[in-house]
Amino acid sequence: QKEVEQDPGPLSVPEGAIVSLNCTYSNSAFQYFMWYRQYSRKGPELLMYTYSSGNKEDGRFTAQVDKSSKYISLFIRDSQPSDSATYLCAMALFSGGYNKLIFGAGTRLAVHP
Amino acid sequence: ETGVTQSPTHLIKTRGQQVTLRCSSQSGHNTVSWYQQALGQGPQFIFQYYREEENGRGNFPPRFSGLQFPNYSSELNVNALELDDSALYLCASSFSVDGSGGSQYFGPGTRLLVL
């Protein structure tokens, strides 16, 4: 079983839709939770960073963390064609003196006009 | 504020050769991590450098090695290249080694093709 599970999609939605992206994880020691956006053939871009259960909002993006269920979500409101990308969830673990990120496989999102 | 930069952007090598990839960390960041991303997969942690020393490694063989310099820039070296080493190699920098100062910020990556 992978430490982080993420549905690879692809997910196709019309412009203006609300998008819900999800990840589950198995390691309760994860301390920080992130969402990255990656356009084709580019590096991942940090969207959201959080360390506690609950919601965090930034513009059209809302990150939700439920540590008791080991489940995180990213919601995108009023989706735009420019949101078409792969979305990666990542968990951070600081152990043994170093901090590594463990990623999901990524969900491909296509927003069509 | 300058972001993370990597060079070269693309590279083609043949099996058995050696390659060096370079990374300049974001201003103010003292920790550099390297990741390998195969097509259609999430990035996989290779190793992390802090204070010019490797302080953590993922499940990668010793032919993957690195350096960090006093200005916090870093190199990734891969010896005896194999076909499976073809991937996007990502460098990420962060403000603190324990992650408490914020997350890791990634560069654009170097795409390596091994023939």
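Begin by selecting Arg63(B) and Asp85(B), which form a salt bridge whose closest N and O atoms are 2.8 Å apart; bear in mind throughout that this is a predicted model. Arg63(B) sits in the loop between S6 and S7 of chain B and Asp85(B) in the loop between S8 and S9 of that chain, so the pair ties together parts that are 22 residues apart in sequence. Asp85(B) counts as buried, at 3% relative accessibility, and Arg63(B) is likewise classed as buried, at 17%.

Glu82(B) belongs to the loop between strand S8 (74-78) and strand S9 (87-94) of chain B, so its pairing with Arg63(B) links parts 19 residues apart in sequence. Glu82(B) is partly exposed, with a relative accessible area of 40%. Through shared partners, the salt bridges join Arg63(B), Glu82(B) and Asp85(B) into one network.

Over all chains, the structure holds seven salt bridges.

Staying in chain A, select Ser73(A) in strand S8 (residues 71-76), a residue that counts as buried at 1% relative accessibility. Its side chain makes a polar contact of 2.9 Å with the side chain of Asn22(A), and the residues that Ser73(A) touches include Trp35(A), Thr62(A) and Gln64(A).

Then display both chains together: how much area do chain A and chain B bury between them? The value is about 1800 Å², 53% of it on carbon and sulfur atoms. Select Arg41(A), Tyr98(A) and Asn99(A), which supply 27% of the area that chain A buries against chain B, more than any other three residues. The contact draws 22 residues from chain A and 26 residues from chain B. Between the two chains there are zero salt bridges, while eight residue pairs are in polar contact across the interface. Highlighting S10(A) shows the element that gives the most to the side of chain A that touches chain B, with five residues.

Finish on chain B with Ile12(B), Leu113(B) and Leu115(B), which make a nonpolar surface patch of about 310 Å². Of these, Ile12(B) is found in strand S2 (residues 10-13) and is exposed, with a relative accessible area of 60%.

Key. Residues numbered from 1 in each chain as written. Chains lettered and ligands numbered in written order. Predicted model: local features only at pLDDT ≥ 70, side-chain atom pairs only at ≥ 80, totals over all residues. Heavy atoms only, no water. Patch = residues over 30% accessible without salt bridge, like charges linked within 9 Å, V, L, I, M, F, W, Y side chains within 5 Å. Areas by Shrake-Rupley, 256 points an atom, 1.4 Å probe, with all protein chains shown as cover. Salt bridge = Lys/Arg side-chain N within 4 Å of Asp/Glu carboxyl O. Helix = DSSP H or I, 4+ residues; strand = E, 2+ residues; numbered from the N terminus. Buried < 20%, exposed > 50% of the residue type's maximum accessible area, 1.4 Å probe, protein only. Contact = heavy atoms within 4.5 Å. Buried area = accessible area lost by both parts, 1.4 Å probe. Polar contact = N/O pair within 3.5 Å; in protein donor to acceptor, adjacent residues only side chain to side chain. Lists of a residue's contacts leave out its neighbours within four places in sequence.
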